[in-house]
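Please keep the sequence and the coordinates in view while reading.

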Amino acid sequence: MAEQMKPSGIDWIGDIPKSWKVKPIAYMTKSRSGGTPDRNNLLYWENGTIPWMSSGEVNKVNIYDTDEKITTLAVHHSSAKIISKNAVMVALNGQGKTKGMSAILRIDSACNQSLCAFSCNAGILYYEYLFWCFQTMYTYLRQMSGDDVRDGLAASYVKKQKIPVPKYEEQQAIADFLDKECAQVDSIAADLEKQIELLQQYKKSLITETVTKGLDKTVPMKDSGVEWLGKIPAHWNFKRLKFMLENSSDSMKVGPFGSALSGSDFTDEGKWVYNQRVVLDNNFSENTTFVSEEKFQEMRSFAVCPGDILITTRGTIGKVAIVPEGANEGILHPCIIKFRVDKEMIIPELLQLILNESDFVKDQFTLMSNATTIEVIYSYSLKDILLPVIPADEQKKIYGYLSKKCLAIDGIIAEKQKSLATITQHKKSLIYEYVTGKKRVKEVQ
């Protein structure tokens, strides 16, 4: 017969079994935050042998090694003290989704100040059970701290949080069960992620191959004169974008520079400011950034018009969207460049496909910058990218072929992403239900 449930008094926990208790984490653990030895002192870092953990390393269940090591001298002369293995590490802040994440430390290690280590009192709180509690508390902790990277979690706040506490033997049984079940779920999720990645890579290679080699594999080929490009159909050419722009004085326009348009100019309503989000989402019906009518008139030289191709130049760079007919009046954001191409030379929609769905142009930017990553696209580098000059009838066939193929690939990717989302949610529900006693491990009931 199932045990009766009782209110826990904690919103995120809900009801718990009648025999369980609810206690603050601080009552059952010893906690310690870390520190970072002086980076300028080589005696603290050079030839170090003691593991030192950063907040970015809590993206896995178990920590068996760390990216960096420190010396014994660093331990003695800085706030980076040794933490014993089997502590549960919680990120107090960090990039992206790091804040609130947790991991089990399987080695003795020091850590930085962005982490808090919880060592459980023997026989009272099982460390692996505490880890699973933190896993189900992740969203709750982030929401309570504003879910903003800049707003770090206070260690004192985390310590005072209450968790469900069954008997120690049941904590162990729950942890063992979740270890096994979640490992199986993670294996399925990893396989789905790999399949999605392969499909995305296939789509990129398909587009690149088609826009550089054509659909007819029997046509004569010639050397393109570009080492990384190889051979192209003999009747094709490649030109730089600057020679394919529309013949007009404003065929390319960079967003306003510096103080011409600043945060103080933005309003809650008015004329649109076409920002990165609009382009990345290809969403021309909703926006969050506006300027007044007066500011719009002042900035009319940066006006956005239907048919303009908008490209992101910072952050997620090189993504484009084509402004549709009937789009709202507005101006460029400083992080956007707009341009127009000669439609006799290249179909804008084909160019959009090349830019958004392949690495053909991104790789060129990388070569131009002599770097592995690009932080900003400038108008002069954008004008210098090479694009295929394909006869109009072939362009239409290529665009039709790629549109159809990409639609099919995207459909498969969407199904796999749906499956991934389902199994991810299943894992979250599984952890929550067993950590809060909604479901019990049969062996210890």
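On a 1 Å grid over the protein atoms alone, a cavity is a set of points where a 1.4 Å probe fits but cannot get out; residues with an atom within 4 Å of a point line it. Grid points are joined across faces, edges and corners, and the volume is the space filled by probe spheres set on the points. The model is predicted: local features need pLDDT of at least 70, side-chain atom pairs count only at pLDDT 80 or more, and totals for chains, interfaces and linings use all residues. Residues are numbered from 1 along each chain as its sequence is written, and side-chain values use heavy atoms, with hydrogens and water left out.

The structure holds 1 cavity of 30 Å³ or more. The largest cavity has a volume of about 40 Å³, and its lining consists of E246, G307, I309, R340, V341, K343 and P348. By class, this lining has 3 nonpolar, 1 polar and 3 charged residues; Ala, Val, Leu, Ile, Met, Phe, Trp, Tyr, Cys and Pro count as nonpolar, Asp, Glu, Lys and Arg as charged, and the others, Gly among them, as polar.

An open sheet of mixed pairing is formed by 5 strands in the order β4-β11-β8-β9-β6. Its edge strands, β4 (29-33) and β6 (62-63), each pair on one side only. Strands are DSSP runs of E with at least two residues, helices runs of H or I with at least four, numbered from the N terminus; two strands pair if DSSP finds at least two bridges between them. The pairing of β6 with β9 is parallel and spans 2 bridges, and I63 stands opposite L105 in β9.

Side chains of opposite charge can pair when their charged atoms come close. In a salt bridge, a side-chain nitrogen of Lys or Arg lies within 4 Å of a carboxyl oxygen of Asp or Glu, and the structure holds 19 of these. One of them joins R106 to E128, at 2.9 Å from N to O. Because R106 lies in the loop between β9 (102-105) and β10 (110-111) and E128 in helix α3 (residues 127-144), the pair ties together parts that are 22 residues apart in sequence. Both R106 and E128 are buried, where buried means under 20% relative accessible area, exposed over 50% and partly exposed in between (1.4 Å probe, protein chains only).

K69 forms a salt bridge with D65, with the closest N and O atoms 3.0 Å apart. K69 is partly exposed at 26% relative accessibility, and D65 is partly exposed at 47%.

How values were computed: 1 Å grid on protein atoms, 1.4 Å probe; cavity = no way out; pocket = protein on both sides within 12 Å on 5 of 7 lines; lining within 4 Å.
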